[in-house]
Amino acid sequence: MSADELASWRETTAKQSIVEFVAAVTDPDSPDFVPEPDRIAVFDNDGTLWTEQPVYAQLVFALDRAAELGHPTSLEELHAGGMAALMKLLALTHTGMTTADFDDAVRTWLATARHPRFERSYPATVYQPMLELLGLLDRHGFSCWIFSGGGTDFMRTWTADVYGLPPHRVIGSVGGTEFRVAEDGPELVKNATGLIIDDGPQKPSSIHRHVGQRPILATGNTDGDLAMLQWTAASPCRTLQLVVHHTDGDREYAYDRDPILGSGTDQILAAAAEHKWTVIDMAADWATIHPDT
């Protein structure tokens with residue numbers, strides 16, 4: 001394996017820990033060798049694989065769609081109304097349509113929406129170093145999955161093109177669907193029943209449900225990802241836990257709390273220090289943040 005496969009990573013301990021881990025678990029002569037079917041890697045999405053500040057892309061989509069539907073909503077109203085206001089917004093903008101219509105709505109929005117600071121499309125705010133990591137793992141027999149608090153259907157409209165992950169490996173928060181036979185044939189209509197928020201302790205349960213195996217690599221950025229990293233670290237195999245720490249206010253954002261749900265980083269950083277997990281200092285460890293910059 002060549003370290004150049006991680007060209008956007010500076011020569012720091014973070015890069016070294018990744019290179020050493022991948023070499024150890026993929027070498028048949030290594031005592032830490034892990035057979036290819038067991039090389040499972042799981043990632044959070046928002047703030048881990050792409051920029052989540054100043055507002056989640058999915059929330060911007062919901063606010064734009066609410067305005068189109070004649071129900072304009074402001075961030076201030078969401079903050080004041082809390083989770084109830086957020087659920088009302090998501091019910092308005094994410095349900096009552098077929099899965100195909102929702103897919104079309106998201107793709108149409110993504111084609112024109114631009115990040116307010118970087119003035120590029122939201123998929124173009126992915127982290128180049130993480131794209132390289134996903135590619136490295138794929139080339140070395142890992143099965144990479146996303147487990148995110150973001151919506152499953154929202155992410156699946158673009159993650160295949162950007163991350164190269166098939167839809168079944170992209171898992172997030174999800175509501176119900178109703179099967180019906182319409183004039184054009186069978187369809188699924190999205191509804192708000194049975195909503196599952198894929199965050200915190202729900203993530204290990206979700207991994208068990210969809211993968212059926214404990215991962216050996218996990219990456220997150222807030223306390224909402226802590227349980228996923230703890231679950232991974234308990235594997236009998238050699239494991240790697242990566243914590244993306246947002247320390248670069250010049251090239252991206254410097255913060256310790258996510259923009260809407262308020263999940264902090266105190267617990268995950270404390271666990272990283274206690275268990276010697278790898279903390280990725282964005283300012284120090286990444287030579288490049290976004291592609292083509």
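How many salt bridges does the count come to? By the rule applied here (a side-chain nitrogen of Lys or Arg within 4 Å of a carboxyl oxygen of Asp or Glu), the count comes to nine salt bridges. The structure is a predicted model, in which local features need pLDDT of at least 70 and side-chain atom pairs count only at pLDDT 80 or more, while totals for chains, interfaces and linings use all residues. Residues are numbered from 1 along each chain as its sequence is written, and side-chain values use heavy atoms, with hydrogens and water left out.

Among the salt bridges is one between the side chains of Lys 203 and Asp 44, at 3.1 Å from N to O. Because Lys 203 lies in helix α8 (residues 202-210) and Asp 44 in the loop between β1 and α2, this pair ties together parts that are 159 residues apart in sequence. Helices (H or I, at least four residues) and strands (E, at least two) are DSSP runs, numbered from the N terminus. Lys 203 also forms a salt bridge with Asp 225, with the closest N and O atoms 2.6 Å apart. Asp 225 belongs to the loop between β5 and α9 (226-233) and Lys 203 to helix α8, so parts 22 residues apart in sequence are tied together by the pair. Lys 203 and Asp 44 are both buried, as are both Lys 203 and Asp 225; buried means under 20% relative accessible area, exposed over 50%, and partly exposed in between (1.4 Å probe, protein chains only). A further salt bridge joins the side chains of Asp 248 and Arg 251 (2.7 Å, N to O). Asp 248 counts as buried because its relative accessibility is 6%, whereas Arg 251, at 26%, counts as partly exposed. Salt bridges with shared partners join Asp 44, Lys 203 and Asp 225 into one network.

Seven strands form an open sheet of mixed pairing, in the order β4-β3-β2-β1-β5-β6-β7. Two strands pair if DSSP finds at least two bridges between them. The edge strands, β4 (185-196) and β7, each pair on one side only. On average, neighbouring strands of the sheet are turned by 30° against each other, direction ignored. Strands β2 (residues 143-151) and β3 (residues 170-182) run parallel and are joined by three bridges. Phe 147 stands opposite Ile 171 in β3. Helix α8 lies across β1, β2, β3 and β4 and runs at about 130° to β2; axes are lines fitted to C-alpha atoms, for helices over the stretch in contact (heavy atoms within 4.5 Å), and angles run from 0 to 180 degrees between N-to-C directions.

Helix α1 (residues 13-26) has 14 residues and reaches 20 Å from its first C-alpha to its last, close to the 20 Å expected at 1.5 Å a residue. The expected span is 1.5 Å times one less than the number of residues. The buried residues of α1 include Ile 18, Phe 21, Val 22 and Val 25. The buried residues of this helix pack against α5 (128-139), β5 (217-220), β6 (240-245), β7 (278-281) and α11 (282-285).

Several loop residues have backbone features of note. The peptide bond from Gln 53 to Pro 54 is cis, with omega near -5°, and Pro 54 lies in the loop between β1 (40-43) and α2 (57-68). Glu 119, although not a glycine, has a positive phi of about 55°; Glu 119 is found in the loop between α4 (99-112) and α5. Lys 276, in the loop between α10 (266-275) and β7, has a positive phi near 60° and is likewise a residue other than glycine. Glu 119 counts as exposed at 67% relative accessibility, and Lys 276 counts as exposed at 72%.
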